[in-house]
Amino acid sequence: MVNYINETHIPLIPDEAIQSLSESDMLKVEKRMERRRKVLVDKCSELGLDVVGSDPWHKPNPWEFLVNKKYHIIWCNVFKAASSSWMFNFNILAARHPFERLLSAYRDKFMFAVPHSFHDKLGRKIIRTYRRKGFDNHAPKHPTFPEFIRWLLDQVKQGNYLDMHFVASTRFCTPCLINFDIIMKFETLEEDQLYLIEKTGLKRVIAPEWRNMGKGKNTLELLLQFFSQLTRRELDGLYDYYRYDFELFDYSVASYYNIAKPNEIKIPEAAAIALGKVSTSTKVKA
């Protein structure tokens with residue numbers, strides 16, 4: 001016979017399957033949480049994000065928060081920051097390196113888009129607008145990463161609505177206006193989730209999800225493969241938009257500039273001919 005927990009009808013996890021942290025590990029994670037909260041509070045104050053205002057960076061979005069009154073937990077639903085299976089069981093703030101989150105969203109929503117879905121149709125629209133002439137017949141049927149980035153930066157520049165998968169998490173969750181007790185991070189999620197389960201007394205209710213969340217070889221290879229296709233100017237545009245996500249959650253962008261391509265400058269056709277370069281427009285590196 002299955003044991004259930006109170007009125008929720010959620011099967012209890014058997015004692016032998018419960019996972020937990022040691023006392024020393026709990027203290028280690030507690031100190032980690034304290035550091036994250038301090039960085040967040042200090043940066044929020046420094047950047048002026050801790051004051052309620054009318055713009056999207058200073059105005060809370062209550063509809064983006066899931067609240068579990070029974071266990072007194074609030075989760076801001078940042079897509080691609082943690083497991084979606086957690087999303088529907090727990091309520092908490094999770095952070096991830098902005099560029100890793102962006103690449104994950106691009107691959108999920110465009111490279112592996114469900115046929116005829118919203119993102120599949122959006123991808124085709126991006127191709128029609130941003131694919132340059134001369135692409136060979138073997139070009140992918142989904143937007144390339146640079147095409148996607150050019151579209152994204154144009155949306156930001158024009159002030160258009162951004163899909164919840166791509167919008168800056170600071171704008172989505174306004175973490176400076178909510179008092180979060182626990183800030184989980186993707187790269188330490190294995191320990192962070194066990195800490196959360198212990199602190200909330202839910203060891204018999206939910207088991208941890210996902211293992212080995214640090215940057216493995218595949219993750220690093222993917223980041224190199226895709227971000228090396230971008231120019232430094234495009235990287236500048238991305239950093240400008242996701243800047244608060246970098247600063248509030250203590251992430252660095254420096255290593256990405258080491259792999260980005262030099263900026264490209266278009267030379268007018270007349271100038272190119274005068275220089276004896278080519279008979280049509282060409283490009284030089286800056």
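Is Thr174 buried or exposed, and at what relative accessibility? At 2% relative accessibility Thr174 counts as buried, a class that means under 20% relative accessible area, whereas exposed means over 50% and partly exposed in between, with a 1.4 Å probe and protein chains only. The model is a predicted one, in which local features need pLDDT of at least 70 and side-chain atom pairs count only at pLDDT 80 or more, while totals for chains, interfaces and linings use all residues. Residues are numbered from 1 along each chain as its sequence is written, and side-chain values use heavy atoms, with hydrogens and water left out.

The protein chain has eleven helices and eight strands; helices (H or I, at least four residues) and strands (E, at least two) are DSSP runs, numbered from the N terminus. Of the 286 residues in the protein chain, 44% are buried. Among contacts between residues at least 6 apart in sequence, 66% join residues at least 24 apart, where contact means heavy atoms within 4.5 Å.

Thr174 lies in the loop between H6 and S6, and although it is not a glycine, its phi is positive, at about 40°. The loop between helix H6 (169-173) and strand S6 (183-185) also holds Cys176, which a disulfide joins to Cys44 with an S to S distance of 1.9 Å. A search of the whole structure finds one disulfide, the term standing for a pair of cysteine sulfur atoms within 2.5 Å. The torsion about the S-S bond of Cys44 and Cys176 is about -80°, so the disulfide is left-handed. Cys44 belongs to helix H1 (residues 23-46), and the pair, 132 residues apart, links distant parts of the chain; both Cys44 and Cys176 are buried.

A second residue with positive phi is Asp250, a residue other than glycine whose phi is near 60°. Asp250 is placed in the loop between H9 and H10 and, at 56% relative accessibility, counts as exposed.

Two packed helices are described by the angle between their axes and the distance between the axes. The axes of helix H3 (residues 98-111) and helix H9 (residues 232-248) come within 10 Å and cross at roughly 115°; axes are lines fitted to C-alpha atoms, for helices over the stretch in contact, and angles run from 0 to 180 degrees between N-to-C directions. H3 and H9 are therefore roughly perpendicular to each other, the term used for angles of 65 to 115 degrees. On the H3 side the contact is made by Pro98, Phe99, Arg101 and Leu102, and on the H9 side by Leu235, Leu238, Tyr239, Tyr242, Asp245 and Phe246. By class, this contact has eight nonpolar, no polar and two charged residues.

Asn263, in the loop between helix H10 (254-257) and strand S7 (264-267), is buried, with a relative accessible area of 15%. The side chain of Asn263 approaches two backbone nitrogens, as tabulated here.

| Side chain | Backbone nitrogen | Distance |
|---|---|---|
| Asn263 | Arg232 | 3.3 Å |
| Asn263 | Arg233 | 2.5 Å |

Finally, Thr219 is found in helix H8 (residues 217-227) and, at 27% relative accessibility, counts as partly exposed. The C-alpha atoms of Thr219 and Glu100 are separated by 8.4 Å, although the two residues are 119 residues apart along the chain.

Methods
Angles under 35 degrees count as roughly parallel, over 145 as roughly antiparallel, 65 to 115 as roughly perpendicular and the rest as oblique. Ala, Val, Leu, Ile, Met, Phe, Trp, Tyr, Cys and Pro count as nonpolar, Asp, Glu, Lys and Arg as charged, and the others, Gly among them, as polar. A polar contact is a pair of N or O atoms within 3.5 Å; within protein, one must be able to donate a hydrogen and the other to accept it, and residues adjacent in sequence count only if both atoms are side-chain atoms.
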